[in-house]
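Hi everyone, thanks for making the time. Let me put the structure up, and then I'll walk you through a few parts of it.

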Amino acid sequence: MTFPLNFTIDRESEEPIYRQLIRQIKLQIESGQLPAGTRLPASRDLADQMAISRISVVNAYAELRAEGYLSAHAGRGTFVARDSAASGTTTRSNGGLSNPSGDDKADTLPDYSLRDMMRLARRPGVINFSYGAPPTEFFPVQALRDALNAVLDRDGAEALSYEMSEGYMPLRVAVREYVSALGIRCSADNILITGGAQQAIDLVVQALMSEGETLVTSMPTYLGVLDIARARRVQIYSVPQDEHGLRVDHLENYLLDNHTPRLIYVMPTFQNPTGNVMSMHRRRQLINLAQEYHIPIVEDAVYHEFRFEGEPLPPLKALDESGMVIHISAFTKMLLPGVRIGYLISNSQHYERLVRVKQAADISTSGLNQRAVHHLLTRGVLAQQLERNNRELRRRRDAALRAAEQYFPKDAEWHKPEGGLYLWVRLPRTGPTAAELFITALQRNVSFAIGNIFFTNGGGQYHMRLNYGQQRPDLIDEGFRRIGQAWQEMAQHYGAAMEKSPML
Ligand SMILES: Cc1ncc(COP(=O)(O)O)c(C=O)c1O
């Protein structure tokens, strides 16, 4: 079998070439593109073909052997290991369906080589759909400059001092008013200002869970929550979802089986990565179930206000009468990701503990940034910004739908998002997996997020998440065209390769 040479070596990267090689060979093994038993070219040949030094190849092979991905046979060459723990066992399992038995463990969290691979998308010139961020042209640079000046003029050194761990009180009051427009009734005393939504989730996990306990989430889910689970050594139980959101019936069966998870994490509106919105019925079902079993729900609402079409649904916290819901959101996605201002709203029972954990984590979130966001929020800059962003996001969503229709394979599937940043596309199985497609797409200077990384159970191999919000409509068209073309070309060879594979 000939070795497919579809590698991208980035000579400008700080990452050594041998590490780039390791990452890409691993990815090809895990995606099944390099099946067990495949013979790799001799190090000298590969070095010559790729115009890199032989020592880079020798080092890469040595490390991959040490990790069990490759095996060497004296006089015969280097092969993809037959019994390698890495050889496609996770990525080939169930092709994108969530694991209904759901007994995923934190130690089966997504493979970091896939994520590392996606870092290549940062190269200049790449039309990048892979990030989870809004585009930089949305950020109100001048308004922030004015806000910082105004705050420093008003508060002087006070603005640069340590802040209360709970947060800058005027911002907490402004947040209370802001969320009351979404139907959430709370006191400023129940609001804790955090370093973005990411820190808020982490604080809740630390405050309410112990090592080894179980966190319930939907599958696929937000990558950041998987990172937290890994870092805090908690187990993940993954519940399937459909277009109406988390399958509450599955969760109920799990609970009826005497399992006792400590926390349920959901993104009811414009879920990352699927863009799904949980229906009203499911929202109520979930709250009732959590109440019945006394399991707190963490509601991550960072995309809630990114709606540019359809009727808004209330956040879970607005429907919650028992205090089971901890609401998390932030001014990051919609305004300024780098300023790192988020918040959580919790009942008094958990609040004290959360403040202690926050204090231990970083004493407080930057008082200067809290004052600046308070200034922007209370002067209506946020509302204007949101309106402008949503108008532009809708244009980009429309461009994405048009381009997907025109260029993506005819059996690919997606839902029309009514908000948020993402298009979640299922590729037909008659062609490459998303990881395989990613490698070729990157050679054409376009990238997306590989579905696999959002699953804990090897699912998502035929899914890709495209952040259409990141690009102008003309670049969306061009980027989707390149992805579509890459798929078509690979799909032609794919059929032939599948026929040959039993002889390997
Ligand atoms: C669902 C979800 N929650 C939280 C975050 C983190 O947001 P923040 O920048 O506010 O920490 C992200 C970022 O991608 C996200 O997608």
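Helices (H or I, at least four residues) and strands (E, at least two) are DSSP runs, numbered from the N terminus. This is a predicted model, where local features need pLDDT of at least 70, side-chain atom pairs count only at pLDDT 80 or more, and totals for chains, interfaces and linings use all residues. Residues are numbered from 1 along each chain as its sequence is written.

Now its neighbours; strands pair if DSSP finds at least two bridges between them. Strand S10 (residues 297–300) runs parallel to S11 over four bridges, with valine 298 partnering isoleucine 326. On to strand S12 (residues 342–345), which is antiparallel to S11 and joined to it by four bridges; here histidine 327 has isoleucine 345 as its bridge partner.

Next, an open sheet: three strands in the order S13-S16-S15, with antiparallel pairing. Strands S13 (422–426) and S15 (449–450) stand at the edges with a single partner strand each, so one side of each lacks a neighbour in the sheet. Five bridges link S13 to S16 (residues 463–467), and tryptophan 424 is partnered by arginine 465.

Finally, the ligand: helix H7 (residues 196–208) gives the most to the shell around it, with three residues.
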